[in-house]
Number of protein chains: 2
Amino acid sequence: MNAHADDHATRQVFDKRAILQQHPLFGALGSSLIDQLSSHATSKRIKRGTTIFSKGDYGSCLYAVCSGQVKITVPSGEGKDAVFNLIGPGQIFGEIALLDGGQRTADAVAARDSELLIIDRRDFIPLVQREPEIAIKLIEILCARLRNTSEQVEDVIFLDLPARLAKTLLRLAGTDARNHKVLITQSELGQIIGVSREATNRQLRDWEKHRWVKLESGGVVLLQPDALAALLETTRPPRGHTGK
Amino acid sequence: MNAHADDHATRQVFDKRAILQQHPLFGALGSSLIDQLSSHATSKRIKRGTTIFSKGDYGSCLYAVCSGQVKITVPSGEGKDAVFNLIGPGQIFGEIALLDGGQRTADAVAARDSELLIIDRRDFIPLVQREPEIAIKLIEILCARLRNTSEQVEDVIFLDLPARLAKTLLRLAGTDARNHKVLITQSELGQIIGVSREATNRQLRDWEKHRWVKLESGGVVLLQPDALAALLETTRPPRGHTGK
DNA sequence: AGAGGCTTGTGACCCACCTCACAGGTCACC
DNA sequence: GGTGACCTGTGAGGTGGGTCACAAGCCTCT
């Protein structure tokens, strides 16, 4: 919004060291290492809509979100982006290309005005090599990512629109908002679950009739999260064999 | 098959050290470490169809395939398994649960009679902590997996049946078989691309009419891989309009 | 205050793929 | 040599969700 408040606002409003230290990846480091890292890290404010990197780029920086939100999307041939992930404050993104030096696997775009911390491969890799702790943490993070992504594949193969939508709303409500209100547009929801905006709208309206949700411009209020959660449980086998 | 040939066949037909050493994950290790690891590793022969572990299990071993093939699948409610991955000789699986101690994210089943090397978390984790080289290699492997899985999500969202099928056949032909013959049943193909067996069959028959493939019982011969590859290059207009 | 842009809401049409149903082929094993 | 079990092949019918088209509400910027 205040795009003209730059010269002043570009100054650090946050402490790089504090940001790094609070992140699970760096929390374990001694403060001398933190100092060293944060002296290399640069910070940046970007406006909503700014592209941070694009799929196929070779840039090799690690990003940490200090404030705002970053959208990880992947473009199909024709304007049909799919949203893979939403990165909020305290989370990192761009690890893969950083770590293996390959191409970026997706686009990263600021979903809101955001502040980022940027660490270059040059500064980071040596640290990983020297500090087993860091490597272990990285492995944990990658494992978590892998679990996420695998689940995404499962969902998109096995779950239909209502189930995917319900799951996504519950997830977003959990991490994203207080009080079960999710701030997101319907077309973004569609992009997250891999479905058209229209279909998303129709499902939401259906639920609104049932008083499960309430729609507002740019947001969805979950009135009965339990009802949505119940939708996900129906995937039990009709035949009653739970064991192997 | 030869379930009675056990006492004899259970003896090592392969050299554990050699197997480990040839794997990218361990190749860099000094031979003393290899010795140490291989002394902990146990080997096992299993028959086609044997379940190695199931989704949700807490077992924490790393597996390396010495011979045969292992299918990584994930079950939906009702018999509708999806095949996530096929693991061949020289590849490993089960890393995630090994590394983070969590539940297995999928089932692992022997697709053929196979020989496996098994390494326990207890023996492996200390090694990771002591040897940064190993940690780095692990990170590379996880990154590769992540790239794979992300691509799977993309494919299942953006690509239609013919494209996914073509892509899968080409991939399997590349790694799996000599001479462009892919040994796999049509229902397994369907499970890999997340589509019904019938639909898979119809698409294959269509291609057979065009002489792009030849169908045999339990296999597909790619007569014109280029034609299939060309399918993937089109920008994906479902109808016949290419530009916007 | 109006204009342009983004969002929501909805009807009509269509087609890719699913499900069911059934038939013939091949192989293994009794 | 028959009897399953698994594979391939194909038709008929149903439907989820995509695409297109259009209208109305709401912000923001000028």
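**From the DNA surface to the paired helices**

Helix H9 of chain A gives the most to the surface near DNA strand C, with five residues. The model is predicted, so local features need pLDDT of at least 70 and side-chain atom pairs count only at pLDDT 80 or more, while totals for chains, interfaces and linings use all residues. Residues are numbered from 1 along each chain as its sequence is written, and chains are lettered from A and ligands numbered from 1 in the order in which they are written.

Helices here are DSSP runs (H or I, at least four residues), numbered from the N terminus. Near DNA strand C, at least two residues each come from H8 (186–193) and H9 (197–209) of chain A and from H9 (197–209) of chain B.

Elsewhere, helix H6 (residues 132–158) of chain A packs against helix H6 (residues 132–158) of chain B at an angle of about 20 degrees, with axes 9 Å apart. These axes are lines fitted to C-alpha atoms over the stretch in contact, and angles run from 0 to 180 degrees between N-to-C directions. The two helices are therefore roughly parallel, a term for angles under 35 degrees.

A:Val128 lies in helix H5 (residues 121–130) of chain A. A:Val128 is buried because 20 other C-beta atoms lie within 10 Å, and buried requires 20 or more such atoms, placed from the backbone.

Notes
Angles under 35 degrees count as roughly parallel, over 145 as roughly antiparallel, 65 to 115 as roughly perpendicular and the rest as oblique. A residue is buried if 20 or more other C-beta atoms lie within 10 Å of its own, exposed if 12 or fewer, and partly exposed in between; C-beta atoms are placed from the backbone.
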